[in-house]
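Good morning, and thank you for the time. Please look at the structure now.

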Amino acid sequence: MSGAPAIWGLCGYIAASCLLAYFFPQSVLAFLAFQAALLLLYYVAAPRKIKIFLGALLLLILLPVLGMANGYYLEVSIQIGIYVALALGLNIVVGFVGLLNLGFVAFYAIGAYLWAIFGSPQANQFIPGGWFPLSPNWFFVFLLLSIAVGALTGALLGLPVLRLRGDYLAIVTLGFAEVVRALVNNLDKPINLTNGPRGISPISKPPLFFEPLLEYAGLEVPAAQLYPLYFYFLILVMVGIIIIVTRRLESSRVGRAWKAIREDETAAAAMGVPVVRMKLLGFAVGASFASAVGVLFSAKQVFINPESFTFMESIGVLAMVILGGMGSIPGAILGATGVTILNLQLLKGLSLWLNGLRQSGAELVIPFLGSYSLSQLPAQFEPAKYERMVFGLILIVMMIFRPQGVLPPTQTRDQ
Amino acid sequence: LELALEILPQVLVDGIVLGFMYALIALGYTMVYGVLEFINFAHSEIFVLGAFVGVEVMLLLESAGLLGALHPAVVLLLVICTGMMLSGLAAVALERIAYRPVLGGPRLVALISAIGASFFLQDALRLFESLWRNTFYLNYPTFEAFERTVPLGQNLIVPIKSLIVTGTALATLAGLYLFVHRTKLGIAIRAVAQDPDTASLMGVPVKRVIALTFFVGGALGGLAGVLFGIHYSLVNPYSGFIPGMKAFTAAVLGGIGNIPGAMLGGMMLGLLEAFAASYLSLMTDGAFGAEYKDVVAFLVLILILIFRPRGLLGETVRESKA
């Protein structure tokens with residue numbers, strides 16, 4: 001598609017999908033059509049300014065308005081945002097530097113627990129004085145702190161293990177993530193740091209620093225929708241910052257060094273690239289993104305427990321990066337969005353649909369084989385429960401047929 | 001300390017049983033790594049498959065009313081043979097479908113494909129059992145002959161199950177040793193592990209030898225699965241992950257690619273874990289208990305890789321092809 005007609009077509013499509021999503025708030029398909037508008041916007045050939053304007057219109061105005069009508073849209077969008085941020089972080093490690101990190105979720109967990117412990121009464125268990133929970137105003141301090149803590153743990157883990165060859169490194173990071181999870185799961189004694197498998201709650205939400213502004217503007221947002229909207233914009237800003245940082249890094253000296261290491265470590269070292277320092281930096285940057293997202297996640301969830309930080313999550317994020325294309329920023333975004341939509345919307349929708357069929361007791365007639373009552377469909381047969389199968393298939397199929405991903409990185413002049 | 005001495009024999013027995021289990025699984029990792037230099041991440045699912053085949057055979061025998069009628073040794077043999085056979089075949093199919101198309105490319109590509117295969121198999125097994133039995137948590141049927149115990153001393157009562165595990169594993173390991181060192185096929189496997197290109201020039205059908213390696217490794221994994229099931233009774237499609245990781249640790253501990261190393265590593269890790277499970281809480285006055293045994297195993301893995309990446313018996317590892 002190209003030229004002016006394409007833009008008008010796109011505008012028409014955006015309007016149509018918005019109306020659809022607005023008037024059929026229950027329909028998964030309508031929301032999917034809306035999401036597809038963003039994808040089309042990426043592909044359509046149009047002046048940059050128009051594209052940015054349309055993208056901002058979609059993300060900053062239309063989506064929140066739709067979200068006011070149906071909170072589910074916002075919830076899905078926040079989840080997508082979280083995974084996009086995680087995928088962008090992992091993309092640096094796996095895509096740019098070429099190190100397979102199977103324990104990425106550990107850094108996410110560290111960030112989440114950082115805020116969870118101090119942003120809830122939990123910290124009173126081991127720090128006397130009854131200072132906790134900290135007031136919500138500390139949220140942003142912890143957001144910054146988590147970046148430092150994430151980078152530090154990333155570097156600490158990286159320091160000893162980065163000399164390992166690729167597949168060993170993968171296993172060690174996996175082991176590290178399991179150690180972190182086991183610690184979180186068991187550190188409710190001798191001192192109760194994490195409250196073990198029971199998890200931590202209630203975790204403070206971020207401060208409503210803009211409340212006076214809203215009042216001044218005369219906007220009334222119902223309390224039930226205020227926080228979802230707030231988190232939506234928060235994650236949007238966060239993803240925006242991450243994208244900018246990643247892009248700047250990618251086209252900097254550091255980014256070129258990373259890619260040189262990925263392509264051929266020995267050659268890079270011979271050309272004077274400080275291999276270990278650059279690898280550490282990549283590890284730390286990825287970890288700090290994940291850790292910051294973790295803080296946001298725990299504030300959004302109010303309750304967290306170790307179940308949210310399993311190996312499954314690491315693989316999910318990896319599948320997103322692989323699907324989109326290792327080393328590609330649009331790829332990571334597309335992959336994260338696609339997999340999250342698949343998980344939250346398509347598989348769940350399919351499960352609901354099958355449940356409906358089951359209850360309707362309709363008969364499925366197969367020629368020559370007789371008929372089959374759908375009410376006999378086993379209750380265990382629920383697509384939403386088989387996300388591992390989906391992730392697994394994505395990984396295998398992509399590796400065999402398109403290892404570079406759906407949106408592989410474009411060759412820029414500095415390569 | 002008295003208490004510590006009192007439970008020592010029991011801890012040793014537990015450790016040996018675990019050790020044999022890990023050794024059997026570790027062999028699958030190590031043999032495949034030997035010929036392909038690639039971590040077969042889905043090996044833990046081959047292991048679980050063995051456990052499920054075992055439970056299915058026993059349940060089928062039970063529903064046919066044969067479980068009590070047949071001699072226990074026959075039942076055992078039947079379960080083990082089907083488990084090994086199917087696991088071995090599954091491993092070969094896995095290699096053919098998910099690995100062979102990607103093995104020419106970069107290493108990470110193959111590893112990611114293996115992780116995908118692992119996840120896929122977990123849920124495929126779950127789906128199958130859900131449709132077939134309506135649940136995917138399966139219990140081995142109680143089989144009276146396996147439940148007996150043998151008193152071997154004052155503080156030591158050994159269940160027959162443990163003896164079965166130990167005996168079968170020992171026999172298999174001896175058989176494997178003979179196979180690898182005394183038969184033509186075994187020599188072919190070692191030749192490919194040493195240098196596939198030269199082996200190919202000498203007339204060794206490399207691809208077929210790789211498939212054979214997957215079969216043998218898979219069969220050993222399947223055997224471990226059956227023994228795991230008999231020993232611990234309860235299996236589910238996800239129960240392979242932790243044993244798989246530990247067995248991999250064992251393989252690395254012994255020196256990956258090295259067959260005696262895998263046996264040694266498995267045994268050491270099994271004993272270490274049994275000791276950690278029993279003595280950690282004694283040593284720290286209950287502050288840290290048996291729940292840290294997994295942490296101990298993973299820490300061991302990380303430490304070995306940092307300080308002795310080639311493992312205890314590690315020989316020369318070929319330069320990475322990168």
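I begin with the lining of the second largest cavity, whose residues divide into six nonpolar, two polar and two charged. In these classes, Ala, Val, Leu, Ile, Met, Phe, Trp, Tyr, Cys and Pro count as nonpolar, Asp, Glu, Lys and Arg as charged, and the others, Gly among them, as polar. The residues that line this second largest cavity include M58(B), F143(B), E147(B) and K161(B), and its volume is about 60 Å³.

A word on provenance. This is a predicted model, in which local features need pLDDT of at least 70 and side-chain atom pairs count only at pLDDT 80 or more, while totals for chains, interfaces and linings use all residues. Residues are numbered from 1 along each chain as its sequence is written, chains are lettered from A and ligands numbered from 1 in the order in which they are written, and side-chain values use heavy atoms, with hydrogens and water left out.

A cavity here is a set of points, on a 1 Å grid over the protein atoms alone, where a 1.4 Å probe fits but cannot get out; lining residues have an atom within 4 Å of a point. Grid points are joined across faces, edges and corners, and a volume is the space filled by probe spheres set on the points. The whole structure holds three cavities of 30 Å³ or more. In the largest cavity there is about 70 Å³ of space. Its lining includes I171(A), Y29(B) and F248(B); by class, it has seven nonpolar, three polar and no charged residues. Helix α10 (residues 241-254) of chain B gives the most to that lining, with four residues; helices are DSSP runs of H or I, at least four residues, numbered from the N terminus.

I turn to the interface. Contact, meaning heavy atoms within 4.5 Å, joins 44 residues of chain A to 50 residues of chain B. The two chains bury about 4300 Å² between them, 76% of it on carbon and sulfur atoms; buried area is the accessible area (1.4 Å probe) lost on being put together, summed over both parts.

How many salt bridges are there between chain A and chain B? The count is zero, where a salt bridge is a side-chain nitrogen of Lys or Arg within 4 Å of a carboxyl oxygen of Asp or Glu. Over all chains, the search finds eight salt bridges. One joins R181(A) and E178(A) (3.2 Å, N to O), both in helix α7 of chain A and three residues apart, about one turn of the helix.

Definitions and conventions:
On a 1 Å grid over the protein atoms alone, a cavity is a set of points where a 1.4 Å probe fits but cannot get out, and a pocket is an open set with protein on both sides within 12 Å along at least five of seven lines; lining residues have an atom within 4 Å of a point. Helices (H or I, at least four residues) and strands (E, at least two) are DSSP runs, numbered from the N terminus.
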